[in-house]
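Open the structure in your viewer and keep the selection tool ready. We will go from stop to stop, picking residues and looking at what surrounds them.

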Amino acid sequence: MTTLLPGQAAAPAGPADLSMMYVLHHGFRRDLARFVAAARLTPLDERATWRALLERWDLFARLLHDHHHKEDEHLWPLLRGKVEAAGDLDAARVLDEMEAEHATIDPLLEAVRSGFSSLAAGPSPTAQTGLAADLARARDELGAHLGHEEQDAIEILQRYVPGEEWAELERTELRGGLAPGDLVRLLPWCVEALPDEVSRPLLAEAGLPFRVLLRLGRPRFGRLERAAFVFVPEDVGA
Amino acid sequence: MNGVVARVGDADFGDVVLGAVTPVLVDFHADWCGPCRQLEPVLDELAAELDWMSFVRLDVDAEPVTAAAYRVTGLPTLLVFVSGELVLSIVGARPRRTVRELLVALAPDGRRAAQTA
């Protein structure tokens, strides 16, 4: 994929196909833009919407946590072994930064969940103010981290990991272990607001089982999306 | 509200600041803070002059939640929000000219040309 998705900082050239990584990053950026707007625009007394936002936030946080966990468990250690063997201190420093950035994001996710939870329980102007501030911070910090990863960490990946090794890692560790139930939730989330020229070839390559799971998951995901972001203009996160 | 520095608190910050359609400057201050008192007349004047934005004042002792949410640790702190987004942060008392220049840079195009003169 040579086209940059909305918000994407870079796509370093190399043998590995990072399409799915960029699709996930697009989803995280899209969601945070929508959550930031929802926190500001959702009326305090719209309790059903705040409940839907809490449920939608839990989906976002689970996917982000899973993504970071797999990077921490599999990707960074793989790269660390290679850059240390090569004595590449600059690359090792970038990997340290990746892990440190992951650690700063988790507390923000907890704070945001607490804000949504409080507003789902009842109107609270102070909770809304705190939530708006925490979400803006989460968007800025995660946005900076994703940009840093795309710019520097993926450049390292492209330099050190052959295409076949990356494909195997993706198949076994990064995408591996996902049950059909997980995919039914993940796939509609992935393709939401994705440009057609990106989603079409991805789905064609993914095969029939994935397209079936996507079709199965879409109605439920669409209902939750509309319920959560009912007060958010359609162009936000598009 | 334009032209007057109104009070804002934790309870109405969402409506008055985050939900505002015009840019809003929030002056985080406290009664015991000397530099805050020095800045007060400067902001009163700018509120009268820069009529395309609103100015509000928040007492951090009486309204601690918002100050904590935006991690206000020094006084005075001026935060400017546009469409609910924090776009400018000024910590500490600054000369009138500096504050004015930073605010005029946020003005809609037509106003900026008129006010940079």
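**Stop 1: a pair across two chains**

Select B:Glu85. This is a predicted model, and B:Glu85 has a relative accessibility of 23% in it. Is B:Glu85 buried or partly exposed? B:Glu85 counts as partly exposed, because 23% lies between the cut-offs of 20% and 50%.

Side chains of opposite charge can pair when their charged atoms come close.

**Stop 2: the interface around that pair**

Show both chains. How many salt bridges are there between chain A and chain B? The count is one salt bridge. Four residue pairs are in polar contact across this interface, both residues of each pair being at pLDDT 80 or more.

Color the chain A side by element. Helix 1 and helix 4 (125–160) of chain A are the elements that give two or more residues to the side touching chain B. Helix 4 of chain A gives the most, with eight residues. By class, this side of chain A has five nonpolar, three polar and three charged residues.

Next, look at the contact as a whole. Eleven residues of chain A are in contact with 14 residues of chain B. Chain A and chain B bury about 1,000 Å² between them, with 56% of it on carbon and sulfur atoms. Pick A:Arg40, A:Thr129 and A:Arg137. These residues supply 51% of the area that chain A buries against chain B, more than any other three residues.

**Stop 3: inside chain B**

Select B:Phe55. B:Phe55 is found in strand 3 (residues 54–59) of chain B. At 1% relative accessibility, B:Phe55 counts as buried. B:Phe55 and B:Arg96 are 41 residues apart in sequence and 15 Å apart in space.

**Stop 4: two domains of chain A**

Return to chain A. Color domain 1 (25–177) and domain 2 (179–228) separately. Their centres, taken over C-alpha atoms, are 20 Å apart. Each domain brings 15 residues to the contact. Domain 1 of chain A and domain 2 of chain A bury about 1,300 Å² between them, 58% of it on carbon and sulfur atoms.

How many salt bridges are there between domain 1 of chain A and domain 2 of chain A? The count is three salt bridges. One to select is A:Arg34 with A:Glu225, whose side chains meet at 2.7 Å, N to O.

Which elements of domain 1 of chain A give two or more residues to the side that touches domain 2 of chain A? They are helix 1 (19–41) and helix 2 (47–85) of chain A. Helix 2 of chain A gives the most, with eight residues. By class, this side of domain 1 of chain A has five nonpolar, four polar and six charged residues.

**Stop 5**

Select A:Asp31 in helix 1 of chain A. A:Asp31 is buried, with a relative accessible area of 0%. Not counting residues up to four places away in sequence, A:Asp31 touches A:Arg56, A:Phe60 and A:Trp189.

A:Arg30 forms a salt bridge with A:Asp31, and the closest N and O atoms are 3.0 Å apart. A:Arg30 is buried too, with a relative accessible area of 2%.

**Stop 6: a proline in domain 2**

Select A:Pro188, which lies in helix 6 (residues 180–191) of chain A. At 2% relative accessibility, A:Pro188 counts as buried. Its contacts, leaving aside neighbours within four places in sequence, are A:Leu183, A:Leu214, A:Gly217, A:Arg218 and A:Phe221. The C-alpha atoms of A:Pro188 and A:Gly222 are separated by 8.2 Å, and the residues are 34 apart along the chain.

Select A:Arg80 and A:Glu99. They form a salt bridge, with the closest N and O atoms 3.8 Å apart. The pair links helix 2 of chain A to helix 3 (residues 89–121) of chain A, 19 residues apart. A:Arg80 counts as buried at 18% relative accessibility, whereas A:Glu99 is partly exposed at 35%.

Conventions
Residues are numbered from 1 along each chain as its sequence is written. Chains are lettered from A and ligands numbered from 1 in the order in which they are written. This is a predicted model: local features need pLDDT of at least 70, side-chain atom pairs count only at pLDDT 80 or more; totals for chains, interfaces and linings use all residues. Side-chain values use heavy atoms; hydrogens and water are left out. Domain bounds come from an automatic or database domain assignment. Contact means heavy atoms within 4.5 Å. Buried area is the accessible area (1.4 Å probe) that two parts lose on being put together, summed over both. A salt bridge is a side-chain nitrogen of Lys or Arg within 4 Å of a carboxyl oxygen of Asp or Glu. Helices (H or I, at least four residues) and strands (E, at least two) are DSSP runs, numbered from the N terminus. Ala, Val, Leu, Ile, Met, Phe, Trp, Tyr, Cys and Pro count as nonpolar, Asp, Glu, Lys and Arg as charged, and the others, Gly among them, as polar. Buried means under 20% relative accessible area, exposed over 50%, partly exposed in between (1.4 Å probe, protein chains only). A polar contact is a pair of N or O atoms within 3.5 Å; within protein, one must be able to donate a hydrogen and the other to accept it, and residues adjacent in sequence count only if both atoms are side-chain atoms.
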